[in-house]
Amino acid sequence: QWPGTVRELNAPILPHMGWNTVQAPTGSVLFDGIADERFYFVHSYAATEWTLEGRNEATRPLVTWAEHGEPFVAAVENGPLSATQFHPEKSGDAGIQLLRNWLSTL
């Protein structure tokens, strides 16, 4: 659905394993009420750039960023189509609320 390249993160320690904060954009439904929470990540690869130039999108996706060695895409939301780089199911109460927020888009 979204173009891009996933590559190994440029970070001092891989995999990136543990709790991390995110920078959710204004208007995010996924992170409504939980933008200041921490989420559980386990990964070594991520999308580190976001470009949609030349594409006609009815609604531009909202992109949430995190950082581990460098900034990377932590989540994308485009109406009911959403994706996360972290594990909501392992992110405690914040992850449960994120899943509730996503369900509200369906």
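**Note on the predicted model**

1. His87 sits in the loop that runs between β7 and α1 (92-103). The model under review is a predicted one.

2. The surroundings of His87 may be described next. Leaving aside residues up to four places away in sequence, His87 touches Tyr40 and Val42. The side chain of His87 also makes a polar contact of 2.9 Å with the side chain of Glu89. From His87 to Gln1 the separation is 86 residues in sequence and 20 Å in space, taken from C-alpha to C-alpha.

3. Tyr40, one of the residues touched by His87, also takes part in an aromatic pair. The ring centres of Trp19 and Tyr40 are 5.5 Å apart and the ring planes stand at 65°, so this pair is edge-to-face. Trp19 belongs to strand β2 and Tyr40 to strand β3 (residues 38-43); the pair therefore ties together parts that are 21 residues apart in sequence. Tyr40 is buried, its relative accessible area being 18%, whereas Trp19, at 45%, is partly exposed.

4. The aromatic pairs number seven in total. In general, such a pair is described by two quantities, the distance of the ring centres and the angle of the planes. Ring pairs also link Phe31, Phe39, Phe41, Phe72 and Phe86 into a cluster.

5. How many salt bridges does the structure hold? There is one salt bridge, in which the side chains of Glu70 and Arg7 meet at 2.8 Å, N to O. Glu70 lies in the loop between β5 and β6, and Arg7 in strand β1, so the pair ties together parts that are 63 residues apart in sequence. Glu70 is buried, with a relative accessible area of 14%, while Arg7 is partly exposed at 35%.

6. Three strands, in the order β5-β6-β7, form an open sheet with antiparallel pairing. β5 (62-67) and β7 (81-84) are the edge strands; each has a single partner strand, so one side of each is left without a neighbour in the sheet. From one strand to the next, the twist averages 25°.

7. The pairing of β5 with β6 can be followed residue by residue. β5 and β6 (residues 71-78) run antiparallel and are joined by six bridges. Thr64 stands opposite Ala75 in β6, and Trp65 has Val73 of β6 as its bridge partner. The two strands β5 and β6 form a hairpin, with three residues between them. In the turn of this hairpin, Gly69 has a positive phi of about 80°.

8. Which two residues does a cis peptide bond join? The residues are Leu14 and Pro15, and omega is about 5°. Pro15 is located in the loop between β1 (6-8) and β2 (16-21). For comparison, most peptide bonds are trans, and most residues other than glycine have a negative phi.

How values were computed
Residues numbered from 1 in each chain as written. Predicted model: local features only at pLDDT ≥ 70, side-chain atom pairs only at ≥ 80, totals over all residues. Heavy atoms only, no water. Pairing = 2+ DSSP bridges. Helix = DSSP H or I, 4+ residues; strand = E, 2+ residues; numbered from the N terminus. Axes fitted to C-alpha atoms, helices over the stretch in contact; angles between N-to-C directions. Salt bridge = Lys/Arg side-chain N within 4 Å of Asp/Glu carboxyl O. Buried < 20%, exposed > 50% of the residue type's maximum accessible area, 1.4 Å probe, protein only. Contact = heavy atoms within 4.5 Å. Polar contact = N/O pair within 3.5 Å; in protein donor to acceptor, adjacent residues only side chain to side chain. Phe/Tyr/Trp six-rings, centres within 6.5 Å; stacked < 30°, edge-to-face > 60°.
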